[in-house]
Amino acid sequence: MTIQDKLRYEWRGLLLDSARSFYEVDEVKNLIDIMSSAKLNVLHMHLSEDEGWRIAIDTPEDNPSGIDYSLLTSFSGNTSWSADRTKWAHLDGRTGFYTRQQFVDLVSYAASRGIAVVPEIDGPGHSLSALRVIPQ
C-alpha cells in the first residue's frame with residue numbers, strides 16, 4: 001500500500017482575535033502546538049481593534065510627530081470587549097498586550113513548528129483603541 005499525504009491548500013490557517021479579548025503567551029503557544037498537530041501553517045493574529053491594542057510599538061528615536069506610541073499599550077492594552085457597548089470594559093474581557101520580545105518569541109516558536117505568524121493591525125477603520133490615546 002502507498003499513502004500520499006499531500007495538503008490541498010497552501011494557506012491552512014487560524015485567526016486568533018486577541019484584540020477583543022487578550023490571550024496570554026502560554027495560551028498562544030499551546031494553540032500553536034495544536035495547530036501544528038493538525039497541519040495548520042498560518043496563525044493570523046488580530047492585534048488591534050476598537051476594543052484593545054495588543055502589541056507594543058517602539059517610539060522611533062527620530063520622531064518629528066512627537067507621538068508617544070507607548071500610550072497604545074499603557075491605556076488601550078488595558079481595555080477589552082464588553083457586553084455593555086456603552087462603556088470600555090476593564091472586567092468583561094481579558095486585557096493585556098504582547099511586548100516586542102514576547103511577540104518575537106511567539107513568531108520564533110511558531111516557525112519552529114512550521115507555522116507563519118501574520119500580524120494584523122487595523123487601520124484606518126476599527127481604530128478607536130489608537131484614537132483614544134493618539135487623536136492626531
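**A tour from helix H3**

Helices (H or I, at least four residues) and strands (E, at least two) are DSSP runs, numbered from the N terminus.

Before moving on, a word on what is loaded: this is a predicted model, in which local features need pLDDT of at least 70 and side-chain atom pairs count only at pLDDT 80 or more, while totals for chains, interfaces and linings use all residues. Residues are numbered from 1 along each chain as its sequence is written, and side-chain values use heavy atoms, with hydrogens and water left out.

**Around H3**

For a quick check of the helix itself, select residues 100-111. The end C-alpha atoms of H3 are 17 Å apart, in agreement with the 16 Å that its 12 residues should span at 1.5 Å a residue; the expected span is 1.5 Å times one less than the number of residues.

Next, display the strands S1, S2 and S5. They form an open sheet in the order S1-S2-S5, with parallel pairing, where two strands pair if DSSP finds at least two bridges between them. S1 (13-17) and S5 stand at the edges with a single partner strand each, so one side of each has no neighbour in the sheet. From one strand to the next, the twist averages 20°.

Zoom in on S1 and S2, which run parallel and are joined by five bridges. Leu14 has Leu43 in S2 as its bridge partner, and Asp17 stands opposite His46 in S2.

Bring the helices back. H1 lies across S1 and S2, at about 150° to S2, and H3 lies across S2 and S5, at about 145° to S5. These angles, from 0 to 180 degrees, are between N-to-C directions of axes fitted to C-alpha atoms, for helices over the stretch in contact.

**Two loop stops**

Go to Lys39, in the loop between H1 and S2. Lys39 has a positive phi of about 65° although it is not a glycine, and it is partly exposed, with a relative accessible area of 38%.

Then select Gly96, in the loop between helix H2 (70-74) and H3. Is Gly96 buried or exposed? With a relative accessible area of 13%, Gly96 is buried. Leaving aside neighbours within four places in sequence, Gly96 touches Phe22, Trp53, Arg54 and Gly77.

**Zooming out**

Finally, show the whole protein chain, with its four helices and five strands. From the N terminus on, the elements run β-α-β-β-β-α-α-β-α. Of the 136 residues, 36% count as buried.

Technical notes: Buried means under 20% relative accessible area, exposed over 50%, partly exposed in between (1.4 Å probe, protein chains only). Contact means heavy atoms within 4.5 Å.
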